[in-house]
Every structure is written in C-alpha cells, then in structure tokens.
Amino acid sequence: MSVMGYGAALAYVPGMACGWKGKRTMNELAVESAGGAAASRAIYYSPQKAFDRPVAPILPVVFAEQRARAFDPACPSGFVACDLSVYLGSDWPASTPTMLARYVVIRAGEAVAHTLQASGLVYYVLRGAGTAQCGDESFAWGQRDSFCMPGGEEVALSSEGGAILMVFTDEPLISYLRGRADPAAGRRVAPALFTFDRVEQGLRDVHGQNGEQLAAGKSVLLVTEPMAARKLATPGLLASYNSLEAGGDQRPHLHCSGALTLSIAGEGVHSQVDGVAVPWEPDTLIVTPPYAEHSHHNRGPEMMLSFVVQDTALYTELRTLHFEWTDQEGAPTG
Ligand SMILES: [Fe+2]
C-alpha cells in the first residue's frame, strides 16, 4: 500500500506499527507499576470545542522605546532586545512567536561577542563600520550592509568608531521546540556578506522593470548558499531589502508569515494593518502580524527603504504560506 501522492516513496512496512508489542521483562513491569510519578504527570483532555488553545494576539507593535535606548549615547555595548515576551506569554525573549530582533550596540573601540541558539543569524548595519569574526573567518562591514552567520557558533563584532546593528534570529522557535542549534544538522550557513552597493544595483533593476506587480515588494532577497533553492537567508528566515518610490502604494495583501520591518530610509511612510495606520519612524522596527491585511504607503519625498525579515521559511516548509492579494483577484509569485 502506498500513500496517495507519494507513490512508492512512502510504502507501508508490515510489522512496523506493531513493534511495541514486544515482551517486557519483569523488571520493566515492576518499574511501571511502582512508577507513579510519570503516570501522575499525564494529563488527559477531551475537547468540548475545536481550537481552544488560547494564545495572545500578535499586534502591529512599533519598537520606538528600544530604538531610543539603542541610540542613546549612554547605551553600553551589548544588546537591546525588541522583546514582547510579556505580551506573547513566552518564557524567552521574542518579537514574534518565531522571531527575535535585537539592536547590537558597539561603543567605539569595543567588541560584542555572542553565541545564539538559532538556525542562522541575519545582521543589518544601521550605523558605523567594523569587522565580524566567526571561527577562522573575518570580514569588514559598513553602513547599510547586511550579513548572515551560522547559529550556535560564536560571533564577535568589533568597531573602531562605534556602530549600531540589528540582529534577527529564529531563537523563539528553537526555544519553543526546546531545541538547540546544531551546526552539524544540515549544511552550515557560512558567513555571507551582502554589500549595499550590490543591493542598490538590484533595487535599480527592480524599479527599471515595468509591468504588473507580481511580487509584494520591489525588493532584493538575501540568499545564502545552503538555502539557495528556497531563496532564504537562513533555514528559519527570509531576509530582504524592500523599497517603495515616493508617492508609491504597495498592493494590500496578506500571508501566514509574520514580518519584522526595519525602516532604514525615507520619511512620511506608514503601513495600513487591518485598516489601522501605523506610522514608520527612522531606524525603528515594526511587527506586521501574520495573516493581517497590510500595505505600505510612501507619502514622503524620497525612496522608502526597509530591511525586512519574515518567518516565511517555516510556512513554506509546512506548505501553508497562503499569500493573497486583497485588492483584487490575482496570483502572486512571491
Ligand atoms: Fe507582506
């Protein structure tokens, strides 16, 4: 017997499902009868209705206070987390249930080192320049560059003149699963540097293309070699530079993935999220909740630029991304 759609790849193996029926020793039976602790921890629940698993809603939060702390000249080197765990009800820092963003502040002449339990790390450089070190590799980065690093390995960032970055991870997802980053699991996300001049070139190409808008944004995606087939930055995160010309309106749409959007250029920009206007602020992160109808609008005189990280990877893996334009019927391409 084979499972429909999988052909011979997933065949029923006789005897596999009844392997538990093997004989147990007297010792095992004695442990079972005396082992009341394990049995006492078992909880049995008969649902009276479907979907009665209460979770706090994910709201379109603007992390203005965290931005102010990170850019305060008195802020010491280290992290300023965009942490909503109190509101989300999680026991670990989280910006959304699957993603965490932190400002990384490096005072002049100092270094910040960390080992983060994530499938991979995505950094964006808000201010300054410096160097990154991971294992025996190091490279220089500058303002508006971005880079990826492997999870579960020490990363050291240093800056002669001081710098402020933002680092995005999927640590909340790993924490929820009670897991740990295993560099040996799958192919490592090796350090990868994305320079802004190459990104700008890509954005110019996108804006030079006319015709119907098939993608949600005029963007350049950051892809690492192990995740090239999925067009992802890390196994858990999609990362992109997004843009919107002065006076431009993004087509309203929705998807099951949530987004963390960092404003990096432009003014007079706002998002509409489920009918509510959310004004953007410079260098400030915004949560776009999953499955909320949303669109961005640029009423300022300059090109809007943003750095966007989404948990699209997870929904793609589950085959449940469910992207949909909400202004008219149309088939999206990404
Ligand atoms: Fe979107």
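**Entry 1: the hairpin**

Which residue in the hairpin of β5 and β6 takes a positive phi? I looked it up in this predicted model and found G135, with a phi near 60°. Two residues sit between the strands of this hairpin. One bridge I noted down joins C134 to its partner E137 in β6.

**Entry 2: the other neighbour of β5**

Next I followed β5 across to β8 (residues 154–159). These two strands run antiparallel and are joined by four bridges. Here I found T131 standing opposite S158 of β8.

**Entry 3: the whole sheet**

I stepped back to see where these strands belong. They are part of an open sheet of four strands, in the order β3-β8-β5-β6, with antiparallel pairing. I marked β3 (110–115) and β6 as the edge strands, since each pairs on one side only. From one strand to the next, the twist averages 20°.

**Entry 4: helix α3**

Which residues of α3 are buried? In this helix, residues 64–71, I listed Q66, R67 and A70. Looking down the axis of α3, I saw that its buried residues fall within an arc of 105°, so they line one face of the helix. A reminder to myself: an α-helix has 3.6 residues a turn, so residues three or four places apart point the same way.

Then I turned to the face away from the buried side of α3, and there I found the exposed residues A64 and E65. Last, I looked for what covers the buried residues of α3: the cover includes β1 (78–81), β2 (100–106) and β9 (163–169).

Key. Residues are numbered from 1 along each chain as its sequence is written. This is a predicted model: local features need pLDDT of at least 70, side-chain atom pairs count only at pLDDT 80 or more; totals for chains, interfaces and linings use all residues. Two strands pair if DSSP finds at least two bridges between them. A residue is buried if 20 or more other C-beta atoms lie within 10 Å of its own, exposed if 12 or fewer, and partly exposed in between; C-beta atoms are placed from the backbone. The arc is that of the directions from the helix axis to the C-beta atoms. Two residues are in contact if their C-beta atoms, placed from the backbone, lie within 7 Å. Axes are lines fitted to C-alpha atoms, for helices over the stretch in contact, and angles run from 0 to 180 degrees between N-to-C directions.
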